[in-house]
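I opened a new page for this chain. These are my notes on what I looked up, entry by entry.

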Amino acid sequence: MHMTILETLQNAVAQAVEQLYGERVEASSVQVNATPADFTGDYTVVIFPYVRLARKAPDVAGAEIGAFLEKNIPGIQAFNVIKGFLNLELSSAYWQAFLQSVLTDGQYGRQPRNGHKVMVEYSSPNTNKPLHLGHVRNCLLGWSSSQILDAAGYDVVRAQIVNDRGVAICKSMLAWQKFGNGQTPESSGIKGDHLVGDYYVLFENKSRTEYEVWQQSTEGQALFAEKHKPEQSEKDFFKDYKNKWFNDYSALGAEVRDMLLKWEAGDADTLALWRQMNGWVYEGFEKTYASLGVAFDKLYYESDTYLLGKDIVDDGLAKGVFFRKDDGSVWVDLSDVGYDQKVVLRADGTSVYITQDLGTARMRYHDFHCDRMVYVVADEQNYHFAVLFEVLKRLGEPYAAGLHHLSYGLVELPTGRMKTREGTVVDADDLVTEVTALAREQMVQVSDLQPEELEEASRKIGLGALKFFMIKVNPKRKMIFNPEESVDLQGQTGPYIQYSCVRINSVLQRAEKEAVDLSPATEYLDYQPAEKELLKALHAYPGVLLTAAAEFDPSHLANFCYELAKNYHRFWHDVTIFNAAAPADKAFRLQLSRAVGQVLQSGMGLLGIEIPARM
RNA sequence: GGCUCCGUAGCUUAAUGGAUAGAGCAUCUGACUACGGAUCAGAAGGUUAGAGGUUCGAGUCCUCUCGGAGUCACCA
């Protein structure tokens with residue numbers, strides 16, 4: 001693997017400083033940036049750090065280092081110094097060779113395997129209801145991150161932990177048992193995950209009715225009279241009291257707890273019903289994942305993992321990381337790093353959420369020997385993951401240094417947070433249907449595609465718009481989701497990029513039809529500004545991939561794709577291809593177009609965005 | 001209240017401590033009889049919430065203030 005030009009520059013600058021000024025600097029600390037558009041040059045070395053070492057004025061030191069680089073690096077044809085910035089111009093021969101290497105490579109940007117293995121966990125649904133808008137952002141981040149990590153040299157295992165047990169699914173099961181009359185996805189024509197979700201909602205409705213009746217009962221009223229705080233209204237009191245009521249008074253609540261106990265005891269009928277209803281949900285999830293274009297290599301089920309972690313508790317006690325209280329509960333004290341004390345095992349010996357995650361982490365390591373694990377989970381759980389990672393570190397787990405929480409901001413609606421009770425949850429399947437329809441609607445205005453091609457294209461464009469909209473912003477930013485805005489076709493959008501690819505394809509097809517000879521391309525050396533910008537953008541691609549991987553942030557790649565497409569649109573406008581003055585010009589521009597198309601296809605592919613043939 | 005994160009143009013946002021803070025939307029003005037106008041060019045829009053500090057250099061790092069969000073369960 002040869003050095004990139006950037007590494008070459010860094011090394012050469014370090015050498016220059018040592019030879020000229022007798023001071024050692026770390027090559028990796030040398031700052032090399034792309035030269036801003038309004039200055040002459042391709043790359044810029046920041047000279048300020050060496051001014052003190054040189055004991056010379058910035059422009060003098062810059063000129064000396066520049067002369068050294070020009071003499072020692074063949075690809076440099078000129079330089080200029082402005083203040084403390086050394087602007088370097090690479091030769092046309094360098095750029096020619098670079099373009100040819102991109103075209104030959106076919107997988108340009110993709111890095112060799114780096115020997116690391118990373119597990120990316122994402123989606124993590126509950127099985128009591130269908131996927132919603134929040135899962136969509138999660139899936140898009142998880143999928144694109146995993147693709148980017150793969151391209152950056154990691155071996156990737158995509159994992160999903162399915163929360164398939166607990167009170168929630170029991171609510172769906174109980175409602176179905178009591179009110180379902182044997183309804184199935186087949187008999188009702190309702191997608192399995194939606195059907196199970198409908199019974200969850202039904203349960204909540206029945207439960208609410210029961211609660212309202214109870215509130216007016218003598219028992220309820222007596223309780224309010226006895227327990228409400230002086231200033232508290234009846235409504236507020238019962239709102240706060242809901243959990244307590246559900247556990248202590250509700251008949252439905254008792255039935256659900258009974259069902260959960262039966263499940264834990266392995267009751268055959270309960271397990272059969274549980275398997276059946278979860279099976280419906282999985283069929284539904286599969287369709288949703290397929291429509292979003294995401295997939296998994298490994299599924300973990302909470303029903304298999306919820307008891308894990310108890311051996312770790314013993315381990316932690318032995319290592320002195322945990323301590324036992326008088327009641328028998330086990331705790332970890334993280335107050336020295338600003339966190340609280342946290343229970344890891346209840347007094348009755350049962351585990352809590354974090355115990356399970358401790359055990360699951362260890363199990364995953366044993367399954368795959370990943371030295372990195374990424375958890376794609378919304379930022380409400382930042383504290384939980386900070387604690388989890390800290391505990392794993394203290395336990396001395398071998399993968400502890402490679403843990404990362406890819407935390408992302410919740411998706412909210414213009415009206416606020418989504419609430420099941422208020423029916424404002426945006427369903428994932430509906431969303432896909434809606435963006436496809438919106439794209440189709442807008443397409444018929446501007447496109448002359450035939451019906452069957454239009455259908456395929458509107459799916460790719462609607463999803464392309466949605467995905468790009470959600471991926472282009474920094475994950476940790478909270479996002480307000482507005483369906484119309486998310487399928488904009490103009491400006492900084494997925495379709496804008498798709499359109500540039502479609503243009504490229506149409507040009508390349510024409511070139512093929514006319515059998516244009518591409519061999520004179522290498523004779524073309526006097527680049528137009530728009531062409532040079534494209535070359536520089538292509539050149540940046542591998543670095544962008546590495547940054548996106550290192551920061552677990554696909555938005556870098558999304559923004560790169562947009563910049564590249566924007567540069568191509570400008571090139572298209574400024575420079576003619578088929579009416580070019582000379583065969584070399586035409587051939588070069590076709591090759592350049594092909595390279596851009598190749599990189600856009602690759603980059604968008606990593607984001608999970610497909611390019612339609614026509615649009 | 002403790003801890004964490006966030007605050008950039010009317011709106012959505014970009015910027016490994018580096019040059020004049022860069023885009024898109026919306027607004028206004030323009031673009032070749034042309035390779036696809038879902039495009040391109042231009043105008044206008046900023047005290048990067050505020051005040052100090054570190055630095056040759058701060059949107060970025062530190063301190064404080066203001067504003068917003070999340071979290072602080074023997075829930076998951």
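**Entry 1: a term I need.** I call a crossing right-handed if the near helix is turned clockwise from the far one by less than a right angle, and left-handed if anticlockwise. I keep in mind that this is a predicted model.

**Entry 2: α1 and α3.** I applied the term to this pair: α1 passes α3 in a right-handed crossing. Helix α1 covers residues 5-21 and helix α3 covers residues 58-72. Their axes come within 10 Å and cross at roughly 115°. I listed who touches whom. From α1 come A12, V13, Q15, A16, V17, Q19, L20 and Y21. From α3 come A61, E64, I65, F68 and L69. I sorted the residues of this contact by class and got ten nonpolar, two polar and one charged.

**Entry 3: the whole chain.** I stepped back to chain A. The secondary structure comes to 23 helices and 14 strands. The C-alpha atoms fill a box of roughly 90 × 65 × 50 Å along the principal axes. Of the 615 residues, 51% are buried. I also looked at contacts with a separation of 6 or more: residues 24 or more positions apart account for 73% of them.

**Entry 4: domains.** I noted the division of chain A. Domain 1 is 5-90, domain 2 is 167-294, domain 3 is 310-350 and domain 4 is 428-606. I then took the C-alpha centres of domain 2 and domain 3, which lie 32 Å apart.

**Entry 5: α4 with α23.** Next I took helix α4, residues 92-105, and helix α23, residues 583-606. They pack at an angle of about 50°, with their axes 10 Å apart. That angle makes α4 oblique to α23. The crossing of α4 and α23 is left-handed. On the α4 side I found Q96, L99, Q100, V102 and L103. On the α23 side I found F588, Q591, L592, R594, A595 and Q598. This contact has six nonpolar, four polar and one charged residues.

**Entry 6: α4 with α21.** I stayed on α4 and turned to helix α21, residues 529-550. Here the angle is about 55° and the axes are 11 Å apart. So α4 is oblique to α21. The crossing of α4 and α21 is left-handed. I read off the contact: Y94, W95, F98 and L99 in α4 meet K532, L535, K536, L538 and H539 in α21. By class, the contact of α4 with α21 has six nonpolar, one polar and two charged residues.

**Entry 7: Q160.** I looked up a single residue. Q160 sits in strand β6, residues 155-162. Is Q160 buried or exposed? Its relative accessibility is 4%, so Q160 counts as buried. I left aside the neighbours within four places in sequence and listed the contacts of Q160: Y122, S123, S124, P125, Y289, F296, K298, L299 and Y300.

**Entry 8: G293.** Where is G293 placed? I found G293 in the loop between α12 (268-292) and β7 (298-301). At 35% relative accessibility, G293 counts as partly exposed. Last, I checked G293 against H132. They are 161 residues apart along the chain, and their C-alpha atoms are separated by 15 Å.

Conventions. Residues are numbered from 1 along each chain as its sequence is written. Chains are lettered from A and ligands numbered from 1 in the order in which they are written. This is a predicted model: local features need pLDDT of at least 70, side-chain atom pairs count only at pLDDT 80 or more; totals for chains, interfaces and linings use all residues. Side-chain values use heavy atoms; hydrogens and water are left out. Domain bounds come from an automatic or database domain assignment. Axes are lines fitted to C-alpha atoms, for helices over the stretch in contact, and angles run from 0 to 180 degrees between N-to-C directions. Helices (H or I, at least four residues) and strands (E, at least two) are DSSP runs, numbered from the N terminus. Angles under 35 degrees count as roughly parallel, over 145 as roughly antiparallel, 65 to 115 as roughly perpendicular and the rest as oblique. Contact means heavy atoms within 4.5 Å. Ala, Val, Leu, Ile, Met, Phe, Trp, Tyr, Cys and Pro count as nonpolar, Asp, Glu, Lys and Arg as charged, and the others, Gly among them, as polar. Buried means under 20% relative accessible area, exposed over 50%, partly exposed in between (1.4 Å probe, protein chains only).
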